[in-house]
Amino acid sequence: MAENTNSSGGNAGLAFIVGGLLVVVAVLAWFMFGRGGSVDDTKDINVDVDLPEVSAPAVPGTN
């Protein structure tokens with residue numbers, strides 16, 4: 001009898017690896033380019049922080 005020398009099992013594993021890499025590249029490309037990249041809309045952010053003056057309590061016996 002003739003032996004069957006067709007072995008395509010090794011290529012299936014390689015196809016899953018290449019497919020997974022393509023999905024990762026597609027997700028990265030969507031994050032970098034699909035969302036528009038940097039937004040040109042400039043926002044005026046003016047924050048004024050006024051904190052009350054905090055002093056340490058007096059140490060007893062130092063008067």
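Two rings of Phe, Tyr or Trp (its six-membered ring) form a pair if their centres lie within 6.5 Å. Keep that in mind for this predicted model.

**Exercise 1.** Find how many aromatic pairs the whole structure holds, then classify what you find.

*Solution.*
- Step 1. A search of the whole structure gives one aromatic pair.
- Step 2. The partners are tryptophan 30 and phenylalanine 31, with ring centres 5.1 Å apart.
- Step 3. Their planes meet at 75°. Planes over 60 degrees apart count as edge-to-face. So this pair is edge-to-face.

**Exercise 2.** Decide whether phenylalanine 31 is buried, partly exposed or exposed.

*Solution.*
- Step 1. The relative accessible area of phenylalanine 31 is 47%.
- Step 2. Buried means under 20%, and exposed means over 50%.
- Step 3. The value lies in between, so phenylalanine 31 is partly exposed.

**Exercise 3.** Describe the fold elements and the surface of the protein chain.

*Solution.*
- Step 1. Count elements: the chain has one helix and zero strands. Helix H1 covers residues 9-34, and methionine 32 is found there.
- Step 2. Check burial: of the 63 residues, 0% count as buried.
- Step 3. Take the area: the chain exposes about 6600 Å², with 61% supplied by carbon and sulfur atoms.
- Step 4. Locate a nonpolar patch: Val23, Val27, Trp30, Phe31, Met32 and Phe33 make one of about 680 Å².

Definitions and conventions:
Residues are numbered from 1 along each chain as its sequence is written. This is a predicted model: local features need pLDDT of at least 70, side-chain atom pairs count only at pLDDT 80 or more; totals for chains, interfaces and linings use all residues. Side-chain values use heavy atoms; hydrogens and water are left out. Rings of Phe, Tyr and Trp (its six-membered ring) pair if their centres lie within 6.5 Å; planes under 30 degrees apart count as stacked, over 60 as edge-to-face and the rest as tilted. Buried means under 20% relative accessible area, exposed over 50%, partly exposed in between (1.4 Å probe, protein chains only). Helices (H or I, at least four residues) and strands (E, at least two) are DSSP runs, numbered from the N terminus. Accessible areas come from the Shrake-Rupley method with a 1.4 Å probe; for residues, only the protein chains shown count as cover. Patches are made of residues with over 30% relative accessible area and no salt bridge: like charges are joined within 9 Å, nonpolar side chains (Val, Leu, Ile, Met, Phe, Trp, Tyr) within 5 Å. A salt bridge is a side-chain nitrogen of Lys or Arg within 4 Å of a carboxyl oxygen of Asp or Glu.
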